[in-house]
Amino acid sequence: MFKGSKTFRPKKKFKEGTLRHQLHKQASETLNSGLDLEKAVILPKGESKEEWLAVHVVDFFNRVNLIYGTVSDFCTEESCPTMSGGPQYEYHWADGVKYKKPTPLPACIYISLLMDWIDEIINDEKVFPPDSSIPFPKDFKDKVKQIFRRMLRVFVHIYYHHYEKMTQISAEAHINTCYKHFFYFIDEFNLVDMKELEPLKDLTKSLKIVPKSQRNM
């Protein structure tokens with residue numbers, strides 16, 4: 001845990017004794033062992049792909065919450081009037097309910113709505129079945145893709161607008177490691193279109209992250 005960190009939302013936990021809890025524990029032990037992040041994201045042999053995706057949705061939700069929590073006091077409607085990554089990239093919010101059309105919002109409001117939206121999906125037992133004996137819905141991977149695509153935007157915003165603050169509190173190593181892990185995971189399971197990663201392409205290169213399609217070339 002880095003100094004000055006706080007959670008933006010209550011941390012989600014897995015019920016002990018469940019397959020998801022076991023996979024979460026296995027994934028955490030793999031990361032803590034210092035294993036290459038490229039290998040840490042690979043689906044364990046014999047395990048359910050859907051369960052592996054579900055575990056990592058919650059894990060990354062918790063981590064992104066923690067990371068944004070370190071800069072949330074400095075991300076205000078005045079400092080960040082749009083959800084953006086520099087002048088070139090801007091994201092508008094739509095949820096099909098209150099915001100039926102893509103709507104420009106201050107970054108702090110966008111991210112708050114995003115985290116509420118993810119939280120609601122994670123707690124929807126029709127999408128994330130509470131027991132491994134209950135099948136996942138047919139559109140589960142589509143939901144997961146949408147979650148990861150939107151979580152990526154939080155990384156984009158932080159790197160473009162709050163990275164200096166991250167360095168001031170000595171948290172840059174944490175966000176860089178988290179982003180590398182995030183990248184390798186979405187790349188392993190084709191969860192995000194590469195064009196969505198365009199805002200962070202220079203960062204990706206500087207962190208020596210190699211996409212799966214370019215390895216062993």
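This is a predicted model: local features need pLDDT of at least 70, side-chain atom pairs count only at pLDDT 80 or more; totals for chains, interfaces and linings use all residues.
Buried means under 20% relative accessible area, exposed over 50% and partly exposed in between, with a 1.4 Å probe and protein chains only. Keep that scale at hand for this tour.

Residues are numbered from 1 along each chain as its sequence is written, and side-chain values use heavy atoms, with hydrogens and water left out.

**Whole chain**

Show the cartoon. The protein has eight helices and two strands. These are DSSP runs numbered from the N terminus: helices are H or I with at least four residues, strands E with at least two. Read from the N terminus, the order is α-α-α-β-β-α-α-α-α-α.

Of the 217 residues, 47% count as buried.

**Stop 1: H157**

Select helix α5, residues 140–161, and find H157 in it. H157 counts as buried because its relative accessibility is 0%. Now display its contacts (heavy atoms within 4.5 Å). Beyond the neighbours within four places in sequence, H157 touches C75, C80, T82, M83, S84, A107, I111 and H162.

**Stop 2: α3 against α7**

Select residues 49–71 (α3) and 172–188 (α7); they pack at about 155°, with axes 11 Å apart. That angle makes α3 roughly antiparallel to α7, a label for angles over 145 degrees. Axes are lines fitted to C-alpha atoms over the stretch in contact, and angles run from 0 to 180 degrees between N-to-C directions.

Show the side chains. From α3 come W52, L53, H56, F60, R63, L66 and I67; from α7 come H174, I175, C178, H181, F182 and F185. By class, this contact has nine nonpolar, three polar and one charged residues.

**Stop 3**

Most residues other than glycine have a negative phi. Two residues here go the other way.

- Select S170, in the loop between α6 (163–168) and α7. Its phi is positive, about 55°, although S170 is not a glycine. S170 counts as exposed because its relative accessibility is 56%.
- Move on to K208, in the segment after α8 (201–206). Phi of K208 is near 60°, again a positive value in a residue other than glycine. K208 is exposed, with a relative accessible area of 68%.

Technical notes: Angles under 35 degrees count as roughly parallel, over 145 as roughly antiparallel, 65 to 115 as roughly perpendicular and the rest as oblique. Ala, Val, Leu, Ile, Met, Phe, Trp, Tyr, Cys and Pro count as nonpolar, Asp, Glu, Lys and Arg as charged, and the others, Gly among them, as polar.
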